[in-house]
Number of protein chains: 2
Amino acid sequence: MGEFELLARVRERLPPPSPRVRVGPGDDAAVTIPGGATATSVDALVEGVHFRRERASLRQIGAKALAAGLSDLAAMGAEPGEAYVVLGVPTDLGEDECLELLDGTLALAASTGTTLAGGDLVRSASLTLAITVVGHASSPEDLVTRSGARPGDALVLTGELGGAAAGLIVLDRPEEAAAIPATVRDRLRARQLEPVPRLAAGRAIAAAGATAMIDVSDGLGGDAGHLARASGVGLLIDAQALPLCEGIAEVAALVGRDPVQLAASGGEDYELLASIPAAGLDLEKLVVDAGAPLTRIGEAVAGSGVEIRLPGGRMLKPDGYDQLR
Amino acid sequence: MGEFELLARVRERLPPPSPRVRVGPGDDAAVTIPGGATATSVDALVEGVHFRRERASLRQIGAKALAAGLSDLAAMGAEPGEAYVVLGVPTDLGEDECLELLDGTLALAASTGTTLAGGDLVRSASLTLAITVVGHASSPEDLVTRSGARPGDALVLTGELGGAAAGLIVLDRPEEAAAIPATVRDRLRARQLEPVPRLAAGRAIAAAGATAMIDVSDGLGGDAGHLARASGVGLLIDAQALPLCEGIAEVAALVGRDPVQLAASGGEDYELLASIPAAGLDLEKLVVDAGAPLTRIGEAVAGSGVEIRLPGGRMLKPDGYDQLR
């Protein structure tokens, strides 16, 4: 496979860059005109660790790698700008397949206003995607970190929980899952394979005065813990308030798990968890601005740690997610 | 290996960030205050493709991956800013070894004024480093692309050629190379294993009015071709003017190659090739400003392609470098 020829074919597929991008792929570096502040995140997906080619189409893999990065920008409240893609190509992936994968990346880039501004192609033992995303804001104060939550803040969560984890189980156990309605299964699989970053919601929640925000891609339990630690607060979450996705009870039953436990532990939901001053919080208005469902699931309190409270005062302990993967 | 624990150990090693970096590693994204224009480049190195652990120390591998990216910023004339490191960790690389590798990255970051502002750790079959570097400039006009060379421009090259390729041969054939003086061998190995990006030279050459610039990491022949194509000019290079590194004749003889051919084809020299208007070019002053040796090696002409002229009118044809690697 010729690197320069493949790069030329990639460049043919690129739409015109955004006005921010003065020099796109093909020079030593891309040249961009940033906003007053930039948010930058890198994420890597490795075959056999984060995805399997027999489960996901190449387009889905290419899109999901970008979605993971864009979700980090969403969690900052940043406007998506540029993406830079490192593709590690194993010998069993041909040129057309590389382009198919990149078409998935480009489709999500187009729908989110992201310009693919550069990249690198290398040989690799396993198919690997490392994507850098750069988002923009007028000033650093417009961006929301994990560290500003204060006791008394309300905790809000976009969308639904558990769909990606349930989708993985449906993919793993197609025969056992056959009793679940096909439309529900399709939706759960899509939550696993085709996540959509909450970019507009992230900007709306930031504009509404969020004090801290994080995406729950590592699971609500783990990521709430990150936010609590970074902010120096405790978080109380009402398990009954958690917005569980449709079908999770049936899927959790297939593997003998509790649905709330599965939803609170399973990662890859790419929803946003934010703290926001409770005084003056108008959730109905925020839902409209965010263009996404929003649920108030708890509050920040003085102290540390995360408690997910079940009825009767019991506590739910989410699974850890700390192994290198 | 616990991802979060290793990340905590990495963060302990990080020096204070530059004033540009408002939020460093540990949040969803890094927050920076960019210049009026940014230059961004991504590079990946994969074990078994770009390096071997039995040849290079982990510190050298960690530094070289960053050097490759910084060399791209040098070729734009950008001020180095931030680096983001994706580390793909195979199971036979322990936590202490990951830190050793990152210490190499951090040492070069410190000596070049680069802040390690974020990253990702993932499991991988082969040790993989994907590094994104971001450089800054006051405006896009201060950055030098590959595409501005005009007929009549002089071609200048920093440093020396062939050292990295010769160093690889010395590493490959230690017994045959034993006849070459040890100091020469050491220097050639260092050119291969410990490249130093020409950041100050790049900025000085840009400030002196360079019309186009590129690093010759893929070999002078190939990269001159990129510059020629991007600029729509031809390049005439005088083979006798090429600044060959000491010892290259002896090393080339070990493998039955012509030294000039080896120097013009071998990549990884991380020197800069620039076009600059010949009128008013004060090479002696530029050498002082650049803090690096500079050699005038040819000129841009109307036409296309690259000709490397040997005495007697013969042409040197550098090896291609197009295979995906």
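**Figure 1. The largest nonpolar core of the predicted model.** This core comprises 208 residues. Those with the most contacts inside it are A:Ile205, A:Met213 and A:Leu273, together with B:Ile205, B:Met213 and B:Leu273. In soluble globular proteins, nonpolar side chains tend to be buried together.

**Figure 2. Surroundings of A:Leu273.** Leaving aside residues up to four places away in sequence, A:Leu273 touches A:Leu155, A:Leu157, A:Ile214, A:Val216, A:Leu220, A:Asp223, A:Ala224 and A:Leu227. A:Leu273 is also listed among the residues with the most contacts inside the largest nonpolar core.

**Figure 3. The two assigned domains of chain A.** The domain assignment places residues 3-141 of chain A in domain 1 and residues 154-316 in domain 2. Taken over C-alpha atoms, the centres of these domains of chain A are separated by 26 Å.

**Figure 4. Contact between domain 1 and domain 2 of chain A.** Here 17 residues of domain 1 of chain A are in contact with 19 residues of domain 2 of chain A. On the domain 1 side, helix 2 and strand 4 (79-89) of chain A each supply at least two residues. Helix 2 of chain A gives the most to this side, with 11 residues. The residues of the domain 1 side are nine nonpolar, four polar and four charged.

**Figure 5. Helix 5 (residues 182-193) of chain A.** The end C-alpha atoms of this helix are 16 Å apart, which agrees with the 16 Å that its 12 residues should span at 1.5 Å a residue. Within helix 5 of chain A, the residues A:Arg185, A:Leu188, A:Arg189, A:Arg191, A:Gln192 and A:Leu193 are buried. The buried residues of this helix pack against helix 2 (58-76), helix 4 (163-172) and helix 8 (248-254) of chain A.

Note on methods: Residues are numbered from 1 along each chain as its sequence is written. Chains are lettered from A and ligands numbered from 1 in the order in which they are written. This is a predicted model: local features need pLDDT of at least 70, side-chain atom pairs count only at pLDDT 80 or more; totals for chains, interfaces and linings use all residues. Helices (H or I, at least four residues) and strands (E, at least two) are DSSP runs, numbered from the N terminus. The expected span of a helix is 1.5 Å times one less than its number of residues. A residue is buried if 20 or more other C-beta atoms lie within 10 Å of its own, exposed if 12 or fewer, and partly exposed in between; C-beta atoms are placed from the backbone. Two residues are in contact if their C-beta atoms, placed from the backbone, lie within 7 Å. Domain bounds come from an automatic or database domain assignment. Ala, Val, Leu, Ile, Met, Phe, Trp, Tyr, Cys and Pro count as nonpolar, Asp, Glu, Lys and Arg as charged, and the others, Gly among them, as polar. A nonpolar core is a set of buried Ala, Val, Leu, Ile, Met, Phe, Trp, Tyr and Cys residues joined through C-beta atoms within 7 Å.
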